[in-house]
Amino acid sequence: MTSYRLASGGLVDRQSSLRFSFDGRSFAGYSGDSLASALLANGQRLAGRSFKYHRPRGILTAGAAEPNALVTVGRGGRTEPNTRATMQELYDGLEARSQNRWPSLGFDIGSLNGLLSPFLGAGFYYKTFMWPAHLWERLYEPFVRRAAGLGRATYEADPDTYEKCWAHCDLLVVGAGATGLAAALAAGRAGARVVLVDEHPIPGGGLLSDSATIDGIAAPDFARQAVAELATMPNVEVLVRTTAFGWYDDNVFGAVERVQKNIRQPSASAPVERLWRIVARRALLATGAEERPLVFGGNDRPGVMMASAARAYLNRYGVAFGRTAGVFTTNDAGYALARDLEAAGVDVAAVVDTRADTNFAWTGKARVIPGAFVSDALGGKSLSGIRVWKDGATETIAVDALAMSGGFNPVIHLACHRGGKPVWSDEHAAFLAPPRLKGLALAGAAAGRAGIAVCLEDGVAAAASILSELGFAARPAKLGEVAGDIVAGPTPPVWRVPGVTGKAFVDFQNDVTSKDIGLAVQEGYGHVELAKRYTTNGMATDQGKLSNVNAIGLLAEARGVSPAEIGTTTFRPFYTPVSFGALTGAAHGHHFQPARKSPLHGWAARHGARFVETGLWYRSSWFPRAGETTWRESVDREARNVRQNVGLCDVSMLGKIELCGADVAEFLNRVYCNAFAKLPVGKARYGLMLREDGMIFDDGTTSRIGESRFYMTTTTALAAGVMNHLEFCAQALWPELDVQLSSVTDEWAQMAVAGPKSRLVLQKIVDDDISNDAFPFLAAREVSLFGGQLHGRLFRISFSGELAYELAVPAGYGESVGDALMEAGQEHGIQPYGVEALTVLRIEKGHITHSEINGTVVPADLGLGRMVSSAKPDFIGKHMLSREGLTATDRPQLVGVEPLDPRTSFRSGAHILAKGAAATLENDQGYVTSSCFSPHVGSTIGLALVKRGAERHGEEILVWNGLRGEFTPGRLRDPVFLDPEGERLHA
Amino acid sequence: MPDMRASTRPALAGKKPLNGDGVSMRALPEGYVVHLLGGWDAELSPLLNELSAERRSVRRAAPGQWFLVGDEPLSRAEFHALEQRLAPHASCVDQSHGRVRILVSGPRVERALSAFTGADLALAVFPVGTSTTSLFGHIAAHVTRVSDTAFELMLLRGFAESLWEYFAGTWRVDSLPPAWPAKRSGAER
Amino acid sequence: MLRVSRRPKFVRYSALSVFLNGLSGNANWRPAWRTPQPKPHYDVVIVGGGGHGLATAYYLAKEFGVTNVAVVEKGYLGSGNVGRNTTIIRSNYLLDGNNPFYELSMKLWEGLEQDFNFNAMVSQRGVLNLYHSDAQRDAFTRRGNAMRLHGVDAELLDRDAVRRMLPFLDFDNARFPIQGGLLQPRGGTVRHDAVAWGYARGADMRGVDVIQECEVTGIRRENGDAVGVETSKGFIGCGKLALAAAGNSSRVAEMAGLRLPIESHVLQAFVSEGLKPFIDCVVTFGAGHFYVSQSDKGGLVFGGDLDGYNSYAQRGNLAAVEHVVEAGKAMIPALSRVRLLRSWGGVVDMSMDGSPIIDRTPVGNLYLNAGWCYGGFKATPASGFCFAHLIARNEPHPTTRQMRLDRFARGRVIDERGAGAQPNLH
Amino acid sequence: MASLVPCPHCGSRPKEEFTIKGAALRRPAPDAPADAWLRYVYERANPRGRHEEYWHHTSGCRRWLVVTRDTASHEIEACRDAALTSAGGRA
């Protein structure tokens, strides 16, 4: 295949040749090439297939708006579908594959859809595929799904890493073209913190493709010099390969930096992409303008290209987009291209100018045809000629490439992300950014201006006004003298081209034609948003960068109104697509959420604990021993041992809060539904917190360890929630109370020592007398340990219903105290027990957790109604408790459940049906909140919330688990299965 | 059991100091951390000034709250003495075991931390001696600038290991973002 | 909008009509609906031309014989949440106040397209909710059994079954390992815009006036009763006034002097670039806020949690985007290199117990349909049907008996999550 | 606002550091009638525009703040410590 690479010119490094492959064929390109420029240089025009008709497509642009040349790059876990060949830097070993074609790009069966196109117009699928009903999912939809979609994503995990970063600046400049460079220089010189981002690997924007000079310096060199100066400024950061994709509240911008997307084998020591959250006091969009395509027959044929793109390939990459070119233009940009093409020795057959009155002083060889239109591009997979329409007459001109320019759309995307609506300007023949944006300004082509000189000026001026707002003294900047710039000012737009016979595409990727837009209007979908949704115009991966304004123009024509009345669809993030990886950064896999470990984690691990995730914590679940084959064996042993001897359980993950201040007792009295005002020093009390709506919020014990110092424990699940709630009460509700809070969850390692022999064990390490008289049930005091070496807090409280204590010691001592207790308890048969055994023990005693406190129960539902103080004038939740629905007799109430036949069992989540009742929702009586096998009862037991449960003890019911096909006859009973009098507790 | 000796195990025991490119990280000794709860009491500030004058490190935690930190453990007697001294203007809660301190330092330290926190730590706006609490990744930590190129992070003991590994996983050689904002740090001026 | 005054002859959509029109260059397709000017008075005026409003009008006309109806919409048809959701339908509800209603909705979805002669691409691909802990498993067991008790399909899958179904989820390196999931095979997705269009076309064809770009600016009352609405197109009188304004419910209700147990919040949704078939069903992560399905066009459509603050802006913030995407990659590591194409926001009417309100109000002739939280889209057919029932018969449909406005005062809330009176926790 | 919150104690911080509770309503007096409590717990003005709400700087100074924010533009007008505002009990 002959080369389209010019003998000289361009910013590519001809010394460094790179090998790459496309659909398995090997090609060569240069460092500095994009994949697109390298393909063009090799004469590979056919780059992809369209979405619906699978039409052959070439490379249309040289930038982010590319709708056609989407390829899949990389392999394995690095496979990346839908990569725009125009934005992909070429690297040695790059593997690219075309998409959405079968069996091959050259011959694609799907292109037969083109023949059916009369029946596949806009929204056709809403009107058919309905009969027979079942065939949609079975037949039609699978076909549609296979045909749809673009590239194929991998199922392999990504081997590379990602990163996030914050930046704070006075001024963010988006776009490093003439405008952006001028602005960044002005702001940088003034000493402001500046961040300049540009999506391309080399800053310069349009300057890189321009043949003009500034002070006699070639435009690309001018850009290089500007960047060199910026690099010397410590207060300026230039981020290349970085796309600002979204403008969010408070002038926070999201940007993604492609750190290693230009490398075959990314270094493991750096991320492939980095997400930037840029907090900018002010921002300037110098994002330039997007050239507008023209809507004529066959405008999608490979060989048809945007004029600015053809110029970029020519001047920046040293690649001719054809041998004999045509130019179809509504403005002077076409002449700038024609001039440069001829200068590079490329024939220009004709410049077809829609303006009858064009006054451009063309001095080149090419024939200029004013007042004419290209009605159709001819040829098959590649362009062979154009049909030119002038005053009703047509002539055919042979060309192998056609450049089109329909004017320019300022790139105002980011400026519209926060709800502002673009405004149509007849003067600019384009939509401009919403007026009066807070903290954001636009300049240069993004503001509808044209010409390098104007953009340089505009950039400096925009920076100056921002600097003065921020109180920086802007130094006068010298501007260069621009020569040889052909300025393409605004011209009347051309929405519809006369004489068209072939398909005229508005949205290339989604195959939306001018006819489809007409059909939408005809069928009542004329509103710009409805037209978008009905035709899918603007919904492709380019999000309408090229198609939206043309669609609006066509809608306006069809409805006989101005584009101003049509308005635009909504611009939303992302300006260009952003990967999950970048937005995730390093927070994936095991770092998806942080891990929280108990100070006794190592101790538990040494005793062989099986850990389970509980919120962010890792809790020891059970401690298997040699010979035990199932977790049940271990759990039964641990539970039995607690009731027979003594067990040690890590309860450090309970929430712990220290409350200090003169008014803490009063404060507790208001946050708990039961009384706390008179809790004596040295005593613990079980407390129940309600939400303001009367439902139970959390429970736990609070101990008074000093006149004005309390120690509260909460459940593990709601530790953070309770702390926030208490802070709310102290700061927002009752700031007049003297209450100070400090979370001490992590300060204390807390161990439950439970069982008839717990006192014997503890007494061996506790110096104080902890006999039943000296340290009765609910005693709570600081104690001395190991002969005064250490002090801890001892609480005589019990979750297991046994004689039990909880000992808290400073976290760092946790493991050694745990070891000491195991050693001290050896002779008494002490064993560690985990949360599973703890659950068995508490269910046997009918003690509740958040399985029962499910957010819809009031104290009375759990048999705790007596705890609710009627004496207190106020506490959180008091005032909603009296509502009819919360006092009704048909509320669910806590009961115990046991199987009639002890050999049978049931599970949590099973529902309760009255004996013999049909299995319907109407007959639903409640559900099993917790269940376990009780080694002491000798069967499965459970707790349940059952309608009027309290008065139904003894009733036979069915434990219904249709989900698992388990139906267990059972009996409701008192929720306390063991030691109802609590004698063991007070032993 | 008199033969028993109570000993402590640091939360980051076994974590060797990490040296990345332009940033280093090491666990600080588990000395003392006292949470001072003063509320809105005006008479407290002279006392705090005294403590600072004694070259104790007093760090702002929140309105009316401070952390008093040191590298050597505080004896029970010393703690009670401190309580007496601040009473009744402030309460003391011992957090010596509940909080873990990590020193992060190096010429690119600001940039390294900017990968985790949205707080602006540039020297110009966060000078030496400043403290605040912010989110680092998904973990809240109290951060104090101890020099132009060093920060002390203090966080809940239970999260210390997780944060350490999260940082260590990200601070690979040359993995740091380009100069911003480290360029502005004193070290490189 | 395009002005089409004459009533078009109704063209039945079918493969044949598509073929014949294709032969004639598609020049003969008629408008899908009229664009009428408001009449001075209607028997029923419905405020809100979204899914629920249009469905209400459709069923009023089709099922209850009430055809002198206007739907007034301040924007274009379906410009609210019906065009902004993640297109999921399911009836996997726990409480008897909700479950039968959502199952009714599912049954209506199943016959919808033939019913209103518009292909909304109802696709019952299955909805799978993952669980990662014993507590979640037990909660799903309770839910699944509640569904089974009402005859709703539900299956509890263990880890291996989930792995067979979706082998590319993170089973081996997860912070919160997947233990299993609750599957509703009949759940799935629907082409959301088409639902609004299908109902609009069906209602229009039965005589309902669907009036777009007509904003309600006031509610006129006489002796306490609602008698009509002031609009940008003038006053429109009515016998009964029905509010189906979703995120703007509080604003409209205020015009009648009502304060609702509702907050408006922004909920973001996302779509990826188009991909060849990647994931077949709807999956919900249990260890973070993320759920995903794939559209027929190939985009992965996904969402997560509320941004968390009251908002009337149909846009969200980056922090919420990161939060959702992190959960997405945690569930499916292979998403790493898939790119997000677009994010958008909808304003959802979050009620104080997370469940909807379909009820009369203290104001005479004023009917309320609100509080849909995330559940609005899947509820569309039943919401329309039951609201129409209430308006036409003046008594609630059996499946909505508990969805009363006074349930908060009475302490009869319908709180699936047990989160209490804080909308951003539901 | 909604990307950054200008905490009066810590300065501008990302939203992620905060917990949002909702409308900053004054808690009724203990002896207030039932409907006052109903309004407090369940009924919301839910304005489009200026809105006072409680935010907690959970991962920062752990103070409860009253943020005055526009629910349509997300612009913040004021951000004060809850203990020092009329919405708090003090005032």
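Predicted model: local features only at pLDDT ≥ 70, side-chain atom pairs only at ≥ 80, totals over all residues.
**Reading strands and interfaces**

Visitor: Why is strand 36 of chain A described as largely enclosed?

Guide: Strand 36 covers residues 655-660 of chain A, and six of its six residues are buried, so the rest of the structure largely encloses the strand.

Visitor: Which strands pair with strand 36 of chain A?

Guide: Strands of a sheet pair through backbone hydrogen bonds, either parallel or antiparallel; here two strands count as paired if DSSP finds at least two bridges between them. Strand 36 of chain A runs antiparallel to strand 39 (residues 709-714) of chain A and is joined to that strand by six bridges, with Glu658(A) having Tyr711(A) as its bridge partner. Strand 40 (residues 740-743) of chain A is also antiparallel to strand 36, through four bridges, and there Ser743(A) stands opposite Ile657(A).

Visitor: What is the order of strands in the open sheet of six strands in chain A?

Guide: The order is 42-43-44-41-35-45, and the pairing is mixed. Strand 42 (780-785) and strand 45 (831-832) of chain A are the edge strands, each pairing on one side only. Strand 45 and strand 35 (residues 647-650) of chain A pair in the parallel sense over two bridges, where Gly647(A) has Gln831(A) as its bridge partner.

Visitor: Where do strands of chain A and chain C pair?

Guide: Strand 32 (residues 578-579) of chain A pairs with strand 16 (residues 339-351) of chain C in the antiparallel sense, over two bridges, and Ser579(A) stands opposite Arg339(C).

Visitor: How many residues of chain C and chain A are in contact?

Guide: Contact means heavy atoms within 4.5 Å, and here 117 residues of chain C are in contact with 123 residues of chain A. The buried area, which is the accessible area (1.4 Å probe) that two parts lose on being put together, summed over both, is about 10,400 Å² for this pair of chains, with carbon and sulfur atoms giving 55%.

Visitor: How many salt bridges are there between chain C and chain A?

Guide: A salt bridge needs a side-chain nitrogen of Lys or Arg within 4 Å of a carboxyl oxygen of Asp or Glu, and the count between these chains is 14. One of them joins the side chains of Asp158(A) and Arg337(C), at 2.7 Å from N to O. On the side of chain C that touches chain A, the largest share, 11 residues, comes from helix 4 (residues 134-149) of chain C.

Visitor: Which residues of chain D lose the most area to chain A?

Guide: The contact takes 30 residues from chain D and 27 residues from chain A, and the area buried between them is about 2,400 Å², of which carbon and sulfur atoms give 54%. Within chain D, the residues that lose the most are Arg27(D), Arg62(D) and Trp64(D), together 25% of what that side buries. Arg27(D) also forms a salt bridge with Asp874(A), with the closest N and O atoms 2.7 Å apart, and the count between these two chains is five salt bridges. Strand 3 (19-23), helix 1 (34-41) and strand 4 (50-56) of chain D each supply at least two residues of the side that touches chain A, and helix 1 gives the most, with four residues.

Notes. Residues numbered from 1 in each chain as written. Chains lettered and ligands numbered in written order. Heavy atoms only, no water. Buried < 20%, exposed > 50% of the residue type's maximum accessible area, 1.4 Å probe, protein only.
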